[in-house]
Amino acid sequence: MRVTNAMVFNSSLNNIWRNARHLNNLVTQIETTQRIQRPSEDPMMANRALRYRTILSEAEQFKSNNDRGLAWMEVTESSFLNLLVGTPSNPSIFQRLHDRLLQSSSTGINHPDNQRGMIDEMRQFLYQMTRIEMNQSYMGRYVFSGFHTDEPPVLHQARPNASYVVQQTFNRRDMASALAFHRPAPPERPVVFEDTHILKLPFTHVQFPGGPPIGGGVPPFGIDCPIGTNFTIVSMTSTDAAAFNPPNGGPPYVIHHIIDTGELVLSNDAAEAFRDGTTITFQTPSEGLQAGDLNPRIYFPSWDLNDGNRHFNAAQQNIQLEVSANSHVTVNSHASNVVTDKLVAELRRLIDFADSLELTDPLVLREHYSQIYTGDDLERAISDFQAFEVSLFADALHNRIDNLIRTLSEHHMPDAQAQHTNLGSRMSRMDMIQIRLEEDEVAYTQLLSDTIDTDIAGTIARRDGAQAAFSNALLAVSRATQLSLADFINR
């Protein structure tokens, strides 16, 4: 077989290019620190690398979600600490409230004016619980507002044009047995009603309009009892003689709605027929909502009559973040489960009741009794009326304080503590997930490195060998191409 110069040159060039490609591949691996540059070089390796990168990207996003969720929950935790935990030198709000009520109850109430300081403290406790703690925000979003993070749970400012239809659910435990009374004009003494069954609404001057239903998905006004018991609501003011003495009998069972106190008064028969889960539907006050009122959009199932009967459902507004594959954690706590509408209503009704306890003006008493008595009898009648009124007011206020102590100890504080415990368990889970994500990140980063990263030391050694082979190939080719057929002919 005849070997021509062209064949020698082509074979030499092919060998040179093969060595050059091998050398270039090794140099590229060193420069990029990666074993392959294109998936076609090793499809199996490329597939594994893509899967590892996907897992690492997911882990990075999960860590970001986890960090944001923990930050949200830490802000929530700070409110729980202020409400429930406190420190030995700085007790929690609930503990201060409970201790102050116990102090007032244990020392006795011999005159309503002696409780003015306590009532002023109740106002401050209520303000701190609602306007400060429940309106806590994180990056401009209210943490206790469920999905409506742009809405405060408790209004900062009045909304005079607001009009909502609100549904509030009551259980039998929400019913207080209170001492009530009617105050006729002197010389008649106040009429006392013992063991009056009272439910407290979160607003005063709410409406139970008559007429046809509003429509548009808005439920009818009134009371819906789970077992279908029929109730009827009669609205009146606290000055009406029968306000705190609804008639027995039924069904329908009569419930008196006291407009100016925000209370629902049940007869004995009505209280007996009342069941857990009873829903009361009413319309917010016609003058709108005031600063410090509960936001219907957050606290209750409600319908905004100024927004096309738009419905807001406070239930199950859980903000969930995906913190690992197919695993979600709820990061928020809802205001209605922490500082409940029942607690707010009880505190407000206690404050309003204490503010309403104004003793009859002695001049008015003297004017009335002077038509009946004279001299010492007149003074005795005035003194007896004042003593009876002071004793009645003190007993009624003491009764309401005892009711609040009971519900605070048995229901409100344990319920809030249960929410705090639930938050703590979710935070612990987030901490464990964070540790697991960090471990996964390290593990999959190592696997990715083992898959695609260049063994620098070994590659450098192979590069040196390839470089020597390339140089020797060039030298061999240069020597082989120095001779031609003419050189042999000339000899």
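The model is predicted, with local features needing pLDDT of at least 70, side-chain atom pairs counting only at pLDDT 80 or more, and totals for chains, interfaces and linings using all residues. Residues are numbered from 1 along each chain as its sequence is written, and side-chain values use heavy atoms, with hydrogens and water left out.

**Largest pocket**

- The largest pocket holds about 620 Å³ of space; on a 1 Å grid over the protein atoms alone, a pocket is an open set of points with protein on both sides within 12 Å along at least five of seven lines.
- A volume here is the space filled by probe spheres set on the points, which are joined across faces, edges and corners.
- Its lining has 29 residues, and Tyr299, Ser336, Asn337, Thr340 and Asp341 are the closest to the centre.
- Strand S3 (164-170) and helices H7 (335-338), H8 (341-356) and H10 (375-452) each give two or more residues to this lining; helices (H or I, at least four residues) and strands (E, at least two) are DSSP runs, numbered from the N terminus.
- The largest share, 5 residues, comes from H10.
- Sorted by class, this lining has 5 nonpolar, 18 polar and 6 charged residues (Ala, Val, Leu, Ile, Met, Phe, Trp, Tyr, Cys and Pro count as nonpolar, Asp, Glu, Lys and Arg as charged, and the others, Gly among them, as polar).

**Cavities**

- There are 3 cavities of 30 Å³ or more; a cavity is a set of points where a 1.4 Å probe fits but cannot get out, and lining residues have an atom within 4 Å of a point.
- The largest cavity has about 80 Å³ of space, and its lining includes Phe170, Lys200, Glu346 and His411.
- Charged residues number 5 in that lining, alongside 3 polar and 2 nonpolar ones.
- The second largest cavity, with about 60 Å³ of space, is lined by Lys200, Glu346, Arg349, Leu350, Arg400, Asn403 and Leu404.
- H8 and H10 are the elements that give two or more residues to the lining of the second largest cavity.

**Helices H4 and H8**

- The axes of H4 (residues 116-133) and H8 come within 10 Å and cross at roughly 150 degrees (axes are lines fitted to C-alpha atoms, for helices over the stretch in contact, and angles run from 0 to 180 degrees between N-to-C directions).
- That angle makes H4 roughly antiparallel to H8, a term for angles over 145 degrees.
- Residues making the contact (heavy atoms within 4.5 Å) include Ile119, Met122 and Leu126 of H4 and Leu343, Leu347 and Ile351 of H8.
- By class, this contact has 10 nonpolar, 1 polar and 4 charged residues.

Conventions
Angles under 35 degrees count as roughly parallel, over 145 as roughly antiparallel, 65 to 115 as roughly perpendicular and the rest as oblique.
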